[in-house]
Amino acid sequence: MDKPIYQAAWFFVLPAFLIVVFNAVVPMMTVVNYSVQDTFGNNQFFWNGIGWYQELLSPSTELGGRFYDSLGRNLLFSAIILAIEVPLGVVVALSMPRQGWTVAACLVIMALPLLVPWNVVGTIWQIFAREDIGLLGYVVNRVLGIPYNYTAGVLSAWVTIVVMDVWHWTSLIALLSYAGLKSIPDAYYQAARIDGASRWAVFTTIQLPKLRRVLLIGVLLRFMDSFMIYTEPFVVTGGGPGNSTTVLSIDLVKIALGQFDLGKAAAMSIVYNLIVLAVCWIFYTVMTQVDADRPKEETH
């Protein structure tokens with residue numbers, strides 16, 4: 001006879017659920033309300049329907065042009081940092097020791113960048129990369145002889161924010177990959193040694209397949225965070241020089257607080273959020289489907 005399910009446990013979850021609803025759903029509905037209205041000051045709003053969305057999604061309008069330009073910069077930034085941080089994090093995880101006192105030391109050192117707040121990271125790199133007093137700027141300009149000024153050069157600004165993000169977040173991929181490597185049973189490595197497998201063969205046939213799910217989680221986390229990045233590039237470059245590093249989040253703040261166009265900013269934030277959810281859902285669906293098809297291929 002089956003035991004009855006204890007339904008009273010739901011009451012312990014209810015307070016947390018209500019807090020999530022209050023902190024997430026209510027502000028979201030406020031933003032949706034602003035996105036379909038316009039205001040001319042004095043806290044008076046007028047119905048605008050889908051007007052802001054039509055203007056936002058049309059490349060021929062000023063708002064639409066700004067949106068697509070910022071979206072392109074966001075996608076480019078996310079693609080660059082994923083292409084760098086994921087392989088680099090795996091390499092770092094493979095290089096970390098598996099036993100001994102050095103394990104704890106390596107884990108602490110790798111976790112240190114993750115403990116630094118975002119605004120502090122931006123402030124550190126803003127000073128570190130300056131060409132007059134910053135160590136990085138001095139080495140690149142004076143020692144290497146390469147022109148470098150992130151406040152005036154577009155390429156220098158992009159290199160600065162990319163290197164800054166790699167320094168800050170590669171540790172996350174490395175720690176996740178290290179945890180995945182530690183979970184692989186020793187029997188796999190013993191069988192590989194008996195077969196005389198090379199180091200590359202061990203990585204491609206044992207370690208990388210076992211890291212698939214861990215890397216999926218890491219890529220999803222890094223994509224969402226990099227696509228919604230705001231504090232670090234805002235502190236370092238302020239979106240400049242010009243608009244070269246103005247991503248969607250920075251442009252959204254400029255519209256909402258700088259121009260006080262609440263309707264345009266609300267519509268952009270809704271579309272922004274939907275893009276993040278859609279891309280994450282597509283990416284997760286594709287990767288999980290590939291992961292599900294792999295056992296079928298191995299059985300044939």
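Which residue forms a salt bridge with Arg-66, and how far apart are the closest N and O atoms? The partner is Asp-251, and the closest N and O atoms are 2.4 Å apart. A salt bridge here is a side-chain nitrogen of Lys or Arg within 4 Å of a carboxyl oxygen of Asp or Glu. The pair links distant parts of the chain. Arg-66 sits in helix H3 (residues 62-95), Asp-251 in helix H12 (residues 248-258), and 185 residues separate them. Helices are DSSP runs of H or I, at least four residues long, and strands are runs of E, at least two long; both are numbered from the N terminus.

The model is predicted: local features need pLDDT of at least 70, side-chain atom pairs count only at pLDDT 80 or more, and totals for chains, interfaces and linings use all residues. Residues are numbered from 1 along each chain as its sequence is written, and side-chain values use heavy atoms, with hydrogens and water left out.

Back to the pair. Asp-251 is buried at 4% relative accessibility. Arg-66 is partly exposed, at 23%. Buried means under 20% relative accessible area, exposed means over 50%, and partly exposed lies in between (1.4 Å probe, protein chains only).

The salt-bridge count is six. Asp-132 pairs with Arg-130, with the closest N and O atoms 2.7 Å apart. Asp-132 is partly exposed at 47%, and Arg-130 is partly exposed at 33%. Asp-261 bridges to Lys-264, with a closest N to O separation of 4.0 Å. Asp-261 is partly exposed, at 24%. Glu-85, Asp-165, Arg-222 and Asp-225 are linked in a network of salt bridges.

Phe-77 touches Trp-158, Ile-161, Val-162, Asp-165, Ser-226 and Ile-229, leaving aside residues up to four places away in sequence. Contact means heavy atoms within 4.5 Å. The largest nonpolar core has 61 residues. Such a core is a set of buried Ala, Val, Leu, Ile, Met, Phe, Trp, Tyr and Cys residues joined through side-chain atoms within 4.5 Å. Phe-77 is among the members that touch the most others, along with Phe-67, Val-162, Phe-227, Leu-248 and Met-268.

Next comes Ser-78, in helix H3. Ser-78 is buried, with a relative accessible area of 2%. Its contacts are Phe-223, Ser-226 and Phe-227, again not counting residues up to four places away in sequence.

Now helix H7 (residues 154-182). H7 has 29 residues and reaches 42 Å from its first C-alpha to its last, close to the 42 Å expected at 1.5 Å a residue. The expected span is 1.5 Å times one less than the number of residues. H7 bends by about 40 degrees at Trp-169. That bend is the angle between axes fitted to the seven residues ending there and the seven starting there.

UniProt positions follow the numbering used here, feature names are shortened, and annotations may be inferred rather than shown by experiment. Residues 75-94 are 100% helix and 0% strand, with end C-alpha atoms 29 Å apart. Residues 101-128 are 89% helix and 0% strand, with the ends 32 Å apart by C-alpha. The record also places "domain: ABC transmembrane type-1" over residues 71-283. That stretch is 77% helix and 0% strand, and its end C-alpha atoms are 18 Å apart.
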